[in-house]
Amino acid sequence: MTTFLSVVRGELDNLVSNGRIFAIFFIAIAILGLYYPQPYSSEVLREVAVAVVDRDDTTSSRQLTRDVDVSQNARVVMKLPDVASAERAVFERRISGYLFIPQHFERELLSGRQAAVAFYGDASYFLIFSKLRSAIGTAIQRLGTNVVIGRLAADGMNPEEALAVASPMRINMIPLFNPEGGYASYVVPAVFLLIVQQLLLMGVGLLNTLPSEAPRVSAPPIVATIGKLISYMIPGVFLYLVATIIIPYVYNIPRIGDVWSSLAIAIPFSLAASALGLFLAALLRDALIVQLVCSLLGLPLFFMAGIAWPSEAMPELLQWVARLVPSTSGIDAAVRVNQMGADLSDVTGQFRVLWVLALIYALLAYLAMRLTDAQAEFRS
Amino acid sequence: MRRKTVRLGFWLVFRREVRWLIRRPFLVLLASIIPIAMFLILVSVYARGIATELPIAVLDQDDSPGSRQIVRLVDAAPDIRIKTKVVDLEEAKRGILSGSYQGLLLVPENFTRDAMAGRRPEITFFYNTQMMVAGNLSARGVSSALPSIAAQVQAAARMARGMAADQAAIAVRPVAMDAHGLFNPTLDYSHFLLAALVVAVLQLTTSLATCYSVALDVETPHSLRILRRLGGGIVPAVLGKLLPLTIVACLVHAVCDIIMFGYFGLPLDGSGWLLALSALVFLLSCQILGALAALFIGSPPPALSVLALTVSPSFGYLGVSFPREAMNAFSIWWGNIFPATPYVSLRIDQTVRGAPVDVSLAILHHQFVYLAVAVSFLLFILVRIRRKAATAGTQPPGQAAAPEV
């Protein structure tokens, strides 16, 4: 027990006395907190710029243009004479799409034939294209419904009945949990949990590879492993709380979850991440390499976590590999609890994976430590 | 005569750098195998292409032939599949919270009866926007299926009243919209994301590898002076020092591009030479960025930390997932410090978008200005280090550089 306590104390001493490690655990998150979310801080993408090529120039075509302009997702920024100039504007990224209204548009409408318009949207961006298509689709739908009602009313139908014929059912699309559709609310909570993992990996990795000033406490590997992991809970839980409470607060990101459920995830998550860090340190042995590997892992691990791209759409093998990384289950569980208000019982699967990972990596770190000790003994 | 010594000096530094790299296998790995491995992992994330058949749930409170028909038609949409039928909203909520499915289609009681009676019943789709991509994809699937279902219902009603099928279709839909996704008709985003991810990976590894290699020289006393003497001047020394890694980076970029164009079928709808030139300027700019970090900070560990901390978040600033036009002023401005930002635009323009060359030339011009500014900055610092070393006599240049920052 005393050796155990001295391991914990020794580790905490190291953690505070080494400036670099202290910075990784307690200061880097503040810098990243300011820096990382900036591109997404405008949150909602509204008013995508579009052009209209109106070859008809009649009351109906101008009405359609106005309908597109007033929709909350699109704004008509220019009227262009032909398709070539509209294409050019798309290439120059001045507009994200254009609506082409052909000649005789109104004549076709009034004569009861089908009038056609064409919409060309820059599909390079998923978000822009879906917003734009829904804005223009809605405007056209509205015009179409009005035309049908007008025709039916002309045939002597009363307006209410005409509406029911023109549009027999209402379609209601309701976004849940992030009703503003904010991009920051989607990306930032997930990214910051990944950052917590990366900082833990790097901090723990460096702590166990850099030469320490204080003499190392000699303890049997099992006691050393447990003692170290317990002491890393302090920066681990601290970082988790900053990422799940302070960062969302600063960026006005909804957080509706129960704090205790969230904390319950913090424990296996930080244990699993620090145990992985301990294992990486034993594997790589060199501080600089640990540091480089940790900075390189961030990008692929984020894309494997199932946030940027749904994990259902990934190859199965990759889904399995991704589950070996604490961030995959950790991000999923924490976002569901914090941003969506899930109970711990809704995320039992992810919660269990985190505990299993914590145990596996702790065991691996312990075995690696025993091996190093045995080698040292052999040499002396 | 002078030209010859310059060329000789360049080769001396170049050979020294190559020998140095061979002795440091991790540095070579960092510049070669690691970016390719990172790229392969990212590629495998998007290997299946378009996300289809995302699971959703349905709560059919009507359970009539009409409502079952709607459920079947929604299930047939390619983006989604109906994974389960739930019995109440509570069960649906738990399923969405736990992630079993992305959304819920709710068909209310008496749906068919109300529709027939002209009471315009409401069909609702709840979708998870916290998981934005998955949620929006499933919403897209439902919202593209439902209007055509509504149109079918209408047309059927009119045909029942004796209208011909084609006439009924026109009457239902007096304005037809022909929607085209420019540059990406299949709405497959993997080309765009992967084109940008290659760049993000190369920016990170190339700048880190160069920073590491330069920092090792900055850290060692006299090393910069030896390099300068060996090169016979600052310029040949810089070139000789940087070019071996430039060659490695170009090869790695070529391997990634072979995978992109060959296996993933990234279209090349633009000018190949423009793309190659832009890639070269990009890689050189990354190297200069790494070298500047090394010169400013000195020893490898902090230099690499600062560089990694600065460059890692650059993916968000590139404007691939979230468009640059919608960012705040700081992000638009700060995005310019990454060599990847203009290169990603040019790369997407000259591959998938097939933009006219003159649009991309403006971006290339921007890249050249960046490189010129970065190189002059680098030379300026090196000249200052030499002057300080000269006035301080025997003081090693690495330490002389430190007080400047």
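Guide: In this predicted model, the domain bounds are taken from an automatic or database domain assignment. On that basis chain B is divided into domain 1, made of 2-46 + 188-393, and domain 2, made of 54-172.

Visitor: How far apart do the C-alpha centres of domain 1 and domain 2 of chain B lie?

Guide: The C-alpha centres of these two domains of chain B are 51 Å apart.

Visitor: What makes E5(A) and E4(B) count as paired strands?

Guide: Two strands pair if at least two bridges are found between them, and E5(A) is joined to E4(B), with which it runs parallel, by 7 bridges. In this pairing A:Ile171 stands opposite B:Ile123. Within chain B, strand E1 (residues 54-60) and strand E3 (residues 103-107) also run parallel and are joined by 4 bridges, and B:Asp60 stands opposite B:Val107 in E3(B).

Visitor: Why are strand E5 of chain A and strand E2 of chain B said to stand at the edges?

Guide: The open sheet has 5 strands in the order E5(A)-E4(B)-E3(B)-E1(B)-E2(B), with mixed pairing. Strand E5 (170-176) of chain A and strand E2 (80-85) of chain B each have a single partner strand, so one side of each is left without a neighbour in the sheet. From one strand to the next the twist averages 25 degrees.

Visitor: Which helix of chain B packs on the sheet, and what angle does its direction make with that of E4(B)?

Guide: Helix H7 (residues 132-160) of chain B packs there, touching E5 of chain A as well as E1, E2, E3 and E4 of chain B. Its direction makes about 160 degrees with that of E4(B), and because angles over 145 degrees count as roughly antiparallel, this one falls in that class.

Visitor: Why are H8(A) and H10(A) called oblique to each other?

Guide: Helix H8 (residues 183-207) and helix H10 (residues 259-284) of chain A pack at about 40 degrees, with their axes 8 Å apart. Angles under 35 degrees would count as roughly parallel and those from 65 to 115 as roughly perpendicular, so H8(A) and H10(A) are oblique to each other. H8(A) passes H10(A) in a right-handed crossing. Residues of H8(A) including A:Leu200, A:Leu201 and A:Val204 meet residues of H10(A), among them A:Ala273, A:Leu276 and A:Ala281. The residues of this contact divide into 8 nonpolar, 5 polar and no charged.

Visitor: How many residues of chain A are in contact with chain B?

Guide: There are 81 residues of chain A in contact with 86 residues of chain B. Elements of chain A that each supply at least two residues of this side include helix H6 (126-154), E5 and H8. The residues on the side of chain A divide into 54 nonpolar, 17 polar and 10 charged.

Terms used
Residues numbered from 1 in each chain as written. Chains lettered and ligands numbered in written order. Predicted model: local features only at pLDDT ≥ 70, side-chain atom pairs only at ≥ 80, totals over all residues. Axes fitted to C-alpha atoms, helices over the stretch in contact; angles between N-to-C directions. Contact = placed C-beta atoms within 7 Å. Left-handed = near helix turned anticlockwise from the far one by under 90°. Nonpolar A, V, L, I, M, F, W, Y, C, P; charged D, E, K, R; others polar.
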